[in-house]
Amino acid sequence: MNGKKPVIQFNDFNFHYKIQNKPTLHDINLTIYEGEKVLILGASGSGKSTLANCINGLIPFSFEGNITGSLKVNDQETRDMSIYKLSTMVGTVLQDSDAQFVGLSVGEDIAFAMENDNIPRAEMLPKVLQYSTEVGMEDYLLSLPFNLSGGQKQKVALAGVLGDSMNILIFDEPLASLDPYSGTVTIDLIDQIARNGNRTVVIIEHRLEDALYRPVDRVILMDKGRIVADTTADALLRGDLLREYGIREPLYISALKYAGCDINTIQGLDDPSTLELSDENKKKLRAFFESQADIQPPVLGEETINVDNVTFSYIKGTKAKNVLKDVSFSVKKGERIALIGKNGAGKTTLARLICGIDRPNAGIIYINGENNKALSVREIGEEIGYVMQNPNQMIVKDIIKDEVELALRLKKLPDDEVINRAENTLKTCELYRMRNWPVDAVSYGQKKRVTVASILALEPEVIILDEPTAGQDYRHYMEIINFINKLNAEFGKTIIFITHDMHLAIENTDRAVVLSESELIADESVFSVLSDDDVITRANLKQTSLYILAKKIGISPEKCIEHYILYERMVRVDE
Amino acid sequence: MNNRLLINYSPGSTPIHKLNGATKVFGFLIITVYIIMTFDVRVMLPMLILCSIGIVSMKPNWKPILLILSFLFVMAGVVGSLMIILIRPTSGYTHTGGETILIQWTNHFFISKELIWYVSAMFFKRICSLSTAILFILAITPSELAAGFNKLGMPYKICTVISLAFRTIPDIARDYIDIKNSLMMRGVELDSRKASLGKRLKQTVFILSPLIMTSFGRIGTIANAMDLRGFSKHKQRTWYSERDPTAADWVARAIILLVAAFCVYYIVYIRIMNPPPFSYWTPWGYWNG
């Protein structure tokens, strides 16, 4: 690699945001060479996004602060360049694929940089076609952003930064809002783009396993604004750094460790499909997967929600397309259920129907045996709480305590009861200490907890959580999940997760309800779902690395995944 | 999403849709001047016919159009006319110069032939303005609008902001609905059957704070995304959505120029140099006094 030309060079680089007390980046020394594909790994707050923003010029252009040391992009000092100059060399795909969609159509969005560059329309059109073909969106040039899926929007964003002079591409958490299958498509696409045209690619992620779906040349691990490792994926997987710095280990690596295999003897560790297992390790794995894990099945109460043959469409009439078709399932008290399916499969609609915001065109939804048609949204709200994905969309009041009390006050409960219930809820959610804090002063994960608390105050039986862990690193993810599991285990709340995240579904739910193209295609244990090829394809899921591992050692994937889940839960209970 | 609020997001395929953005904006401006300059039904009528043909030729979704027209009919046609008749029945005389009383209740409440003509002509003018607006909204996409205004000399930053606003309307509408739903589940009663209008208006305030928070978040991201792709790098920019003018554009522009010439003639020669004594022409004519 040393014969190559360096394109990004950090030298004793420090950065201090103007609005923060402490510097965010310390002593960064990093050189990235032409044509390299680098993964920057780190938990939230590790400074990985700040590092990327230094390269693309948002720092110091949009985010002011103090820079010391040197950062050269293509041999030019970035502080001497404008963001416009940098924007012709560094393309950035931001995390939020919806908010960065500037144009009113796919074609327009791809052309945006060219428009700003004053390129005549006649030259622009063939370029737009070329870039859109490169990402496979050439048939959608006239499509509107509102009709595209998250994955498609991301492809458009990618096409928008493929200009000829761009030799560096930065992807800021490209997987954050994608379903598992679209995530693999994106990683594949990034890989292709990196191979064609000798571009340098920098991927920022905290989801190691998904990011490694295609090989990377180097992994930079960051923590608290410093680079703590600059190595290969293989070396990183062998060490203990991942656990130490709050990065989730790939499932197959955990399985190998649980089985007692010595991973230092295994070749090709960064890819489960090429990893070489010795007979001894295979034996260990088989023994591990075939041993009996001992765990109590959850004790379930009576039925709380029953969705009976529900059909729904937003437009009435004969030619209307059904958003949900003949969906039936039931939920028992104390269960934890994952509602899975790709974007547009009807997950959110189903939740809206259960909450009474929309009403089924046919079929009945029973809540504790009562037809929910007779209940108002507010009445249902006392039985079923719905926590939205984005806490900013839910928080109304400035002070945490007021937010939690809001629903109780609206119910016109007596003052002492409001205070009592709010206090109990705040204690349950471990927010009591912060009850008088302004909502703006707390972290995203804590805000999420505030929204759960504001729902919990109404003492609902069932809590529906829409993508509770989206965009969270492993530490915050565990924080949120442990809290929700506590609500389930200690307070007997029924939990329904609407999620893309298969890790979450595997480890924290008893059953998966899978929707695809308006229909319910599976309602069974998570491990059966994850070993059913047909369901995986139809629901845009992907096989976990355990599946690949199981195939390798010739045992049934279903059994393998089941055992892993049970074992993992047992280990976590012990912890 | 297309046509749901009349706004076109993707270009249609009829001859008018295919015109270039600058032609459309230019045409709209001239037709607007045309409608504003006159109260003469004889002058307005041909334009209304042209606009109607234009609207029909675009094969629009009639539902919202009829809704708007019926709203106009009730508000301007029925309520507006009644107001004039009740409050100032002498308007007929002031604007047309004659007074042929048809029905008289008291000195202050009467209906004259001229009053009826006046309120009808007034209503007619409103229909004309609205048809022009509908024609324009149907014909243009927000991106073409931005490109068109920029071609006619408006700074491109302002134009881009206009098109961005249209880009975000559906998102904000969706946020609004999501927030409203989550609040309803927490006991904020926004159901029209269960809470009074006043109460609902008060409760709506709850929606604003999260809506503003999420919208600010969006603005921050989009501003960064635009900077990262070189927005405002140069004094000029080009437009992907600006079609090159075709033969049809030149024909349309020629027609618009003719209309513009007529406007100049009408304003200068008729309205300024030889103003009629009364602004409203009537078939039985008091114009010559």
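1. Buried area is the accessible area (1.4 Å probe) that two parts lose on being put together, summed over both. In this predicted model, chain B and chain A bury about 5500 Å² between them. Carbon and sulfur atoms carry 59% of that area.

2. On the chain B side, B:Arg186, B:Arg229 and B:Tyr240 lose the most area to chain A. Together they make up 20% of what that side buries.

3. Contact here means heavy atoms within 4.5 Å. By that criterion, 55 residues of chain B touch 67 residues of chain A.

4. Six salt bridges are counted between chain B and chain A. A salt bridge is a side-chain nitrogen of Lys or Arg within 4 Å of a carboxyl oxygen of Asp or Glu. One pairs B:Arg229 with A:Asp109, with the closest N and O atoms 3.2 Å apart. B:Arg229 is also among the residues of chain B that lose the most area to chain A.

5. Within chain B, helix H1 (residues 21–37) packs on helix H9 (residues 247–273). Helices are DSSP runs (H or I, at least four residues), numbered from the N terminus. The angle is about 25 degrees and the axes are 10 Å apart. Axes are lines fitted to C-alpha atoms over the stretch in contact, and angles run from 0 to 180 degrees between N-to-C directions. H1(B) and H9(B) are therefore roughly parallel (angles under 35 degrees).

6. Residues of H1(B) in this contact include B:Phe26, B:Ile30 and B:Tyr34. Those of H9(B) include B:Ile256, B:Cys263 and B:Arg271.

7. Local features need pLDDT of at least 70, and side-chain atom pairs pLDDT 80 or more, while totals for chains, interfaces and linings use all residues. Residues are numbered from 1 along each chain as its sequence is written, chains are lettered from A in the order written, and side-chain values use heavy atoms, without hydrogens and water.

Terms used. Helix = DSSP H or I, 4+ residues; strand = E, 2+ residues; numbered from the N terminus. Parallel < 35°, antiparallel > 145°, perpendicular 65-115°, else oblique.
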